Amino acid sequence: MTILRTNRLSGQKSIGVLLDPDKIEQDSLINLLTQTAEYPIDFFLVGGSLVTDYLHKELIAVIRSHTNTPIILFPGNPLHIEPSADAILFLSLISGRNPEFLIGQHVIAAPLLKKSGLEILPTGYMVVDSGTQTTVSYISGTMPLPHDKPGVAACTAMAGEMLGLQLMYLDAGSGARRPVSPEMIAAVRSVIELPIIVGGGINSGEKAYQALKAGADMIVIGNGIEQDPDLLPQLSTVVREFNQSVVRA
């Protein structure tokens with residue numbers, strides 16, 4: 001998305017909400033969409049590492065009926081392609097060494113994406129240890145990056161940028177016990193110019209602020225938004241105030 005690159009240059013931050021078609025209930029979805037009218041977000045991400053019921057089209061239709069917020073697919077495999085979205089994160093799992101998630105699944109998805117009309121966002125996907133095994137590490141058969149090794153993350157991100165990827169996504173995963181550390185975000189920020197997305201374990205305004213301050217261009221929240229109805233207002237306020245401070249400066 002051009003807006004992510006533009007915001008990166010201007011210092012403006014973004015917030016996205018990740019919706020898993022398997023886990024979001026209709027009532028919760030409507031409540032969330034109503035809430036985003038008061039506390040705006042920049043993007044909806046739709047998808048997950050393991051989706052057992054293919055409800056992407058239905059979920060996107062409901063989102064469309066309530067808001068014009070851009071919708072980005074967050075695919076777990078080539079089956080998770082839905083042309084009614086706006087864009088797709090074309091994820092390359094550069095933190096792992098499983099060729100299926102570096103290029104194999106991409107070859108299968110390529111002809112479908114070519115016909116879809118979706119904006120393709122080549123994204124370096126880096127799974128970071130969060131204190132518990134995540135679905136993505138289990139499904140992909142890969143080890144996450146060590147939480148306390150920011151240098152490894154920095155070199156990985158640097159290689160991804162040199163390979164031509166356009167976004168970098170650091171993810172502690174769903175149900176993370178701890179978020180990606182500010183130290184790791186800062187280390188990655190210091191060596192690449194790409195927009196950085198950070199997700200997993202951001203369950204308070206303070207954690208959101210620390211991620212943004214360290215260099216994240218976009219924070220993503222998922223399950224925590226259902227568990228804590230006050231989380232979206234907190235995070236939306238943090239992002240808005242952060243952006244206002246950049247404008248004043």
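Partly exposed means a relative accessible area between the 20% limit for buried and the 50% limit for exposed. Pro146 has a relative accessible area of 34%, so this residue is partly exposed. The model is predicted. Its largest nonpolar core holds 56 residues, and its largest pocket has a volume of about 630 Å³.

**Nonpolar cores**
- In the 56-residue core, the residues touching the most other members are Val17, Leu19, Phe44, Leu170 and Ile219.
- Helix 10 (residues 231-248) supplies the largest share of this core, with 6 residues.
- Another core, of 19 residues, lies apart from it; Leu4, Ile72, Tyr125 and Val220 are among its members.
- Beyond its neighbours within four places in sequence, Ile219 contacts Ser14, Ile15, Gly16, Val198, Ile202, Ala208, Ala211, Leu212, Leu235 and Val239.
- In soluble globular proteins, nonpolar side chains tend to be buried together.

**Largest pocket**
- The lining counts 35 residues, with Gly173, Ser174, Gly175, Gly222 and Asn223 nearest the centre.
- By class, the lining has 16 polar, 14 nonpolar and 5 charged residues.
- At least two lining residues come from each of strand 1 (14-19), helix 5 (135-140), strand 6 (167-171), strand 8 (218-221) and helix 9 (224-227).
- Helix 9 contributes the most, with 4 residues.

**Pro146**
- Pro146 sits in the loop between helix 5 and helix 6 (150-162).
- Setting aside residues up to four places away in sequence, Pro146 touches Asp129 and Met184.
- Pro78 is 68 residues from Pro146 in sequence, and the two are 28 Å apart in space, C-alpha to C-alpha.

Technical notes
Residues are numbered from 1 along each chain as its sequence is written. This is a predicted model: local features need pLDDT of at least 70, side-chain atom pairs count only at pLDDT 80 or more; totals for chains, interfaces and linings use all residues. Side-chain values use heavy atoms; hydrogens and water are left out. A nonpolar core is a set of buried Ala, Val, Leu, Ile, Met, Phe, Trp, Tyr and Cys residues joined through side-chain atoms within 4.5 Å. Buried means under 20% relative accessible area, exposed over 50%, partly exposed in between (1.4 Å probe, protein chains only). Contact means heavy atoms within 4.5 Å. On a 1 Å grid over the protein atoms alone, a cavity is a set of points where a 1.4 Å probe fits but cannot get out, and a pocket is an open set with protein on both sides within 12 Å along at least five of seven lines; lining residues have an atom within 4 Å of a point. Grid points are joined across faces, edges and corners, and a volume is the space filled by probe spheres set on the points. Ala, Val, Leu, Ile, Met, Phe, Trp, Tyr, Cys and Pro count as nonpolar, Asp, Glu, Lys and Arg as charged, and the others, Gly among them, as polar.
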